[in-house]
Amino acid sequence: MPEILVVPVASAVFVKNLTGSSQTGAWGVGGTDLGLPVRLRDGRFGFFFGDTFESLAPGGPGWRSPVMLRSTTTNLDQGIFFDSAAGGYAKEILPNAHDTRQLPSIEAPGTEFTVIPGDALTIGTRTYLSVMSVHAWDSEDWKTNFTYLAYSDDAGENWSLSQARWDNHPGALDQCWTMERHGGYVYVISTAFGRNKPAGMILRRVPEAQILTPAAYQGWGWTEQTGWAWGNAPTPIIPGRIGEMCVRYVQGTWVLAYFDPEAYAIVTRTAARIDGLWSEPTIQVKGGDWGATDGTYGQIYGGYIHPASTLDNLHLIVSQWNTATGTPYHAMQFKTSVTPAGPVYTVGGAIGARYTQLGAETSPLGAPTGDEQPLSNGRVQDFEHGRIYWSAATGAWETYGLIAQKYLDLGGPTSPLGWPTSGELGTPNGIGRFNRFTEGNIYFNPQAGTHCVYGAIFTEYGRHGYEGGRFGFPTTDEYATPDGRRNDFQGGWIRWVSATGQIIVS
């Protein structure tokens with residue numbers, strides 16, 4: 001019985017060819033690849049391409065890399081169109097030695113074959129681009145000299161090299177980047193450059209303001225002592241051979257697209273948290289033989305997500321190069337949809353600003369579990385491990401963990417504590433935690449537990465230095481006595497007499 005070849009179903013549909021003499025020849029871009037997109041400071045989209053030639057095939061005149069084209073297309077379904085290039089005639093935006101000798105020492109002059117873009121993002125008015133200094137193309141075991149960051153403050157027209165550099169070494173997984181900003185951090189997923197290295201991809205993060213400081217990057221890794229945690233040496237989050245990658249945060253879901261050499265396909269995965277579990281891969285564009293009529297495409301690679309994508313209208317930039325004939329050597333546009341990693345909730349306004357300041361879903365609050373809701377004379381939103389409350393008088397503040405549970409048990413903003421006026425803080429003596437409220441505090445201490453103090457008893461507690469004074473931490477909530485109310489503390493008690501308003505201390 002003859003063998004039946006089953007080709008996995010591909011989800012994405014072809015939209016158009018993006019590059020070539022008729023599409024991009026006006027800027028001297030005939031043959032090119034990659035085309036990774038970024039939203040620029042002025043709202044336009046920049047597209048970064050790799051080795052570029054005036055002819056349709058590699059090896060012709062006008063060899064440049066990287067180059068950048070711009071687009072104002074927002075209706076992606078009608079296809080992306082370009083309307084300008086950095087330099088008019090698309091110039092080489094970064095220094096490139098174009099030395100094809102492939103000498104053995106990466107420190108010697110003349111060892112940079114070309115410079116290839118990895119990924120880009122914009123923070124404020126500055127666009128950052130990760131690039132790889134490529135040492136050799138002599139096999140799929142491509143060698144890089146190093147990866148570095150460049151930046152532009154004028155929507156990509158002119159670029160500066162930063163001092164942020166990551167040298168290549170055996171086993172390095174920090175060469176081929178994709179990056180996305182969220183919650184005050186830039187998250188970087190990276191791997192080795194080359195498609196036959198089975199080491200997988202790693203995850204790091206850095207505060208946005210320190211993106212040019214390599215020492216500030218934290219790894220996401222696993223140890224027997226800590227489990228998975230930030231600050232460990234990076235542990236691969238997805239194993240196997242990996243090609244070009246692109247990660248984007250789309251409508252509350254992390255979407256990762258990449259070339260999978262094992263599947264010979266552009267695939268996507270989704271996750272609710274970038275440091276959480278990723279879905280199994282979905283094949284979007286399947287590789288196949290040249291001239292095939294089964295919906296496959298010959299010699300594909302890349303897979304970059306357009307920044308204007310949504311989950312149900314995700315657009316991918318995919319490259320194709322016929323290495324036998326030289327052409328086509330171009331970038332294509334595909335559209336598809338991806339399944340959310342979970343329910344998608346919007347976090348916006350003052351609550352959203354506070355959530356972002358805390359680190360969004362990587363904060364102690366975790367991911368949102370519902371939309372913002374009215375509460376009393378304010379607003380509230382639920383998260384995995386707590387809530388953010390907002391009122392016009394107090395602003396937006398969070399509670400989480402045991403303090404959040406205590407506050408809920410008491411009645412939240414309708415309790416005697418009122419609305420939060422701070423997030424969770426460490427006590428000055430370093431042995432507890434607390435939240436401030438309009439009428440008191442909730443304290444946590446490992447020995448004393450989680451308890452509230454408010455009203456007149458709280459005022460007296462403050463006169464004695466709060467938890468740092470002779471009373472220490474509360475060991476009970478306020479409770480009723482025959483003549484009033486009382487709180488017990490590590491160092492005594494404070495009682496309020498209802499008939500006279502008198503305060504009595506132990």
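1. The largest cavity has a lining made up of Trp142, Cys176, Ala192, Phe193, Gly194, Arg195, Ile242, Gly243 and Glu244. A cavity here is a set of points, on a 1 Å grid over the protein atoms alone, where a 1.4 Å probe fits but cannot get out, and lining residues have an atom within 4 Å of a point. By class, this lining has five nonpolar, two polar and two charged residues. Ala, Val, Leu, Ile, Met, Phe, Trp, Tyr, Cys and Pro count as nonpolar, Asp, Glu, Lys and Arg as charged, and the others, Gly among them, as polar.

2. On the basis of the numbers: this is a predicted model, in which local features need pLDDT of at least 70 and side-chain atom pairs count only at pLDDT 80 or more, while totals for chains, interfaces and linings use all residues. Residues are numbered from 1 along each chain as its sequence is written, and side-chain values use heavy atoms, with hydrogens and water left out.

3. The largest cavity holds about 40 Å³ of space, and the count is one cavity of 30 Å³ or more. A volume is the space filled by probe spheres set on the grid points, which are joined across faces, edges and corners.

4. The largest pocket has a volume of about 660 Å³. Trp142, Arg195, Tyr301, Trp321 and Thr323 are the closest to its centre among the 30 residues that line it. A pocket is an open set of points with protein on both sides within 12 Å along at least five of seven lines. The lining of the largest pocket divides into 20 nonpolar, four polar and six charged residues.

5. Is Gln320 buried or exposed? Gln320 is buried, with a relative accessible area of 7%; buried means under 20%, with a 1.4 Å probe and protein chains only. The side chain of Gln320 makes a polar contact of 3.0 Å with the side chain of His330. Such a contact is a pair of N or O atoms within 3.5 Å; within protein, one must be able to donate a hydrogen and the other to accept it, and residues adjacent in sequence count only if both atoms are side-chain atoms.

6. Strand 24 (residues 378-383) runs antiparallel to strand 23 (residues 373-375), with three bridges. Strands are DSSP runs of E, at least two residues, numbered from the N terminus, and two pair if DSSP finds at least two bridges between them. Arg379 stands opposite Pro374, and its bridge partner in strand 25 is Trp390.

Terms used. Helices (H or I, at least four residues) and strands (E, at least two) are DSSP runs, numbered from the N terminus. Buried means under 20% relative accessible area, exposed over 50%, partly exposed in between (1.4 Å probe, protein chains only).
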